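Please open the model in your viewer and keep the selection panel at hand.

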Amino acid sequence: MLIQQLVNGLTLGAIYSLIALGYTLVYGILTMINFAHSEVLMLGAFMALGLAALLPAVFGTGLVGLAGMFVLSMAGAGLINVIIERFAYRPLRHISRLAPLISAIGVSIILQNGVFIWISTQSLRFPEPVAIDQVNVLGATISSLQIIILAAALLLMGILHFFVEHTKLGKAMRACSDDIQTAGLMGINPDYIIALTFFVGGALGGAAGVLYGMNYGSIKYNLGFLPGAKAFTAAVLGGIGNIRGAVLGGFILGFLEVLASGYIPNGAQWRDVIAFTVLIIVLLVRPSGLLGEKIAEKV
Amino acid sequence: MKKLLDWRWTPWVALALAAAFPFISAAIDAQYLVRVGGVIGLFMILGLGLNFTLGYAGLFDLGFIAFYAIGAYTTAIAMRAGVPAPAALILAVLVSLTIRALLGLTILRLRGDYLAVVTMGFGEIARLTINNLDALTNGPKGLQLAPWRPLSFISSDPNVQYYLLILAAVAAGVAASSRLEDSRVGRAWIAIREDEIAARLSGIPVRHYKLLAFTISAAFAGLAGGLFAQWEQFVTPESFVFWESILVVSIVVLGGMGSIAGVLVGALVLVGFPPIMQWKLSADWINYRYLFFGLILVLVTLFRPQGILPSSRREAELTS
């Protein structure tokens, strides 16, 4: 029972971590909450659904088709995030801290209701990517789907780590996150790096959307809100702006939620309350998160 | 003639027109407009309330509808327990104020976007708690109330009665807002909004004033919630979803943060427009309602960040 719960927590945590990375990357550079991130994740899932119908003709079924669907949905989600940044956030960057947040909420409403009106108001079935087997490990049943989700998430996190730590562009991203003005003086184009960050964050969010669709088997126009809000909690928990913190926070939240719904009476009803309560407690007790550093107030 | 056109008279003319509205609509056989008017009024009260937090003190609140819900449920539960309706309204205001003050004491030291997310979290916690606490709130099935007809000597139509009651509450809210805005307290709020650190250094007890603005907001929401419950005679958690909070934020942003007239116009446009569109164009229009709110939020922040009817103070802030 416990092992089963841990495996479920690991799967859920992997999805939260991927979403949380999108929040944390953007926050690290612009210190703004990309409120529309949950909609990017939802659009990623819908693109994957569309591609799942189209792609078998191109790539065939099986692992190649699956990978193709994944990569294209990620690129699409990343691109949407870049477009949002260009038109809804960039003009407001120097006005006030509140303005981009309001605009982000507006974008989020537009995207969600756009899908609601023009695509579907109902839950759509998300196709099974591969035939699902059940494996017995130490008394827990693990489906091959959970293994795929976990493997894909870990692979993406590994790629992100390599990109941020070992490439020139990653170095430029870190420089902008430390001090965007100085980075500009050193010959880095901040607008380009910000767009890149939105692309990477959006792509990870899109991947999370696809994994979410696989995990639950159906998608809906409003699927982004709850995982988005919870992943933000995860990012804050780990220390917003901190990449390792986002991953850690995502897994902690995933475990907390699964354990709470498994072991507290009526826990399943209260699982969403738990995430938000954790958020409030963390912000009150340790606003900088588990791995975050304390940022001095700028005058 | 010059005296008659004085802007000073505008609020009174508007009030008189609004009070005559139900009788005019009865004359032209369009009573359903009274209902729309009542709902607009409720959102005017909510907007005036949020204006204290978002407009004057500059604190972002994305869970404001939770206090509307608390007001509505307090009224419903109290009236079902046999408390007289006016007392239930007062109780609704008091309970909202208390919970808001306790919340403010804990979360107000957070800044900007963190505050936004925590209030959003609180809004969801409140809704989910109402939804899950079957013993007290009857869960998703909702609570039914006995009817209360406060103004039956004016009209037999309950919609007209509640319209007038809500109108009176709006007028009282406007009067209270403008008195507070011009007071020492109001100036302190605006100082905090413009530059919190400078305000603190000038000797303004920032935390104290923030808490005051935050708490006063809830009195408006609690009152609106109570009136809503008594009018509808039915409350369910469905009425208090996250998007309703966003609607109230949109009203304040569209009208002009910190501007009383702006909030009233914002509510009139955002809440009045969809039903009129639905009636004039097609029933499908109601689906486009939120898309329209989203577009308004984005376009207003991009092209007219001060709102439709900004306060002169706020306009100076944004253009400096």
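Begin by selecting Phe116(A) and Tyr221(A): both residues are buried. The model is a predicted one, and every stop on this tour should be read with that in mind.

Phe116(A) and Tyr221(A) form an edge-to-face aromatic pair, with 4.6 Å from centre to centre and 70° between the planes. The angle can be judged against the cut-off, because planes over 60 degrees apart count as edge-to-face. Now colour the chain by secondary structure. Phe116(A) belongs to helix H5 of chain A, whereas Tyr221(A) sits in the loop between strand S4 (218-219) and H10 of that chain. The two residues are 105 residues apart, and the pair links distant parts of the chain.

## Second stop: a stacked pair in chain B

Next, select Phe67(B) and Phe122(B). These residues form an aromatic pair that is stacked, with 5.6 Å centre to centre and 20° between the planes. Phe67(B) lies in helix H3 (residues 65-80) of chain B and Phe122(B) in helix H5 (residues 112-132) of chain B, so the pair ties together parts that are 55 residues apart in sequence.

Are these two residues buried or exposed? Phe67(B) has a relative accessible area of 1% and is buried. Phe122(B), with a relative accessible area of 15%, is buried as well, because the cut-off for buried is under 20%.

Over all chains, the structure holds 24 aromatic pairs. To see a group of rings, select Phe35(A), Phe225(A), Phe242(B), Trp243(B), Phe273(B), Tyr290(B), Phe292(B) and Phe293(B), which form one aromatic cluster.

Now colour the two chains separately and turn to the contact between them. How many residues does each chain bring to the contact? Chain A contributes 47 residues and chain B contributes 39 residues.

The area buried between chain A and chain B is about 3900 Å², and carbon and sulfur atoms give 80% of that area. On the side of chain A, select Ile102(A), Ile109(A) and Leu284(A): these residues lose the most area to chain B, together 15% of what that side buries.

Polar links can be examined next. The count of salt bridges between chain A and chain B is zero. One residue pair in polar contact is found across the interface of chain A and chain B, with both residues at pLDDT 80 or more.

Select the helices of chain A that take part. Helix H4 (63-89), helix H5 (98-118), helix H10 (225-238) and helix H12 (267-285) of chain A each supply at least two residues of the side that touches chain B. The largest share of that side, 17 residues, comes from H5(A). The residues of the side of chain A that touches chain B divide into 34 nonpolar, nine polar and four charged.

Select Gly202(A), which is placed in helix H9 (residues 190-216) of chain A. Gly202(A) counts as buried, at 0% relative accessibility.

Gly202(A) and Gly78(A) are 124 residues apart in sequence, yet 4.0 Å apart in space from C-alpha to C-alpha. Not counting residues up to four places away in sequence, Gly202(A) touches His37(A), Val40(A), Ala77(A), Gly78(A) and Asn81(A).

Move to Asn159(B), in helix H7 (residues 158-181) of chain B. Asn159(B) counts as buried, at 18% relative accessibility.

Which side chains make polar contacts with the side chain of Asn159(B)? The side chain of Arg35(B) is joined to that of Asn159(B) by a polar contact of 3.4 Å. The side chain of Trp231(B) makes a polar contact of 3.0 Å with the side chain of Asn159(B). Leaving aside neighbours within four places in sequence, Asn159(B) is in contact with Val34(B), Arg35(B) and Trp231(B).

## Last stop: two positive phi angles

Finally, inspect the backbone at Asn138(B), which has a positive phi of about 60° although it is not a glycine. Asn138(B) is found in the loop between helix H6 (134-137) and strand S1 (143-144) of chain B. Its relative accessible area is 31%, and Asn138(B) is partly exposed.

Then select Gln233(B), a residue other than glycine with a positive phi near 60°. Gln233(B) is placed in the loop between helix H10 (206-232) and strand S2 (234-235) of chain B. Gln233(B) is buried, with a relative accessible area of 17%.

How values were computed: Residues are numbered from 1 along each chain as its sequence is written. Chains are lettered from A and ligands numbered from 1 in the order in which they are written. Side-chain values use heavy atoms; hydrogens and water are left out. Helices (H or I, at least four residues) and strands (E, at least two) are DSSP runs, numbered from the N terminus. Buried means under 20% relative accessible area, exposed over 50%, partly exposed in between (1.4 Å probe, protein chains only). Contact means heavy atoms within 4.5 Å. Buried area is the accessible area (1.4 Å probe) that two parts lose on being put together, summed over both. A salt bridge is a side-chain nitrogen of Lys or Arg within 4 Å of a carboxyl oxygen of Asp or Glu. A polar contact is a pair of N or O atoms within 3.5 Å; within protein, one must be able to donate a hydrogen and the other to accept it, and residues adjacent in sequence count only if both atoms are side-chain atoms. Ala, Val, Leu, Ile, Met, Phe, Trp, Tyr, Cys and Pro count as nonpolar, Asp, Glu, Lys and Arg as charged, and the others, Gly among them, as polar. Rings of Phe, Tyr and Trp (its six-membered ring) pair if their centres lie within 6.5 Å; planes under 30 degrees apart count as stacked, over 60 as edge-to-face and the rest as tilted.
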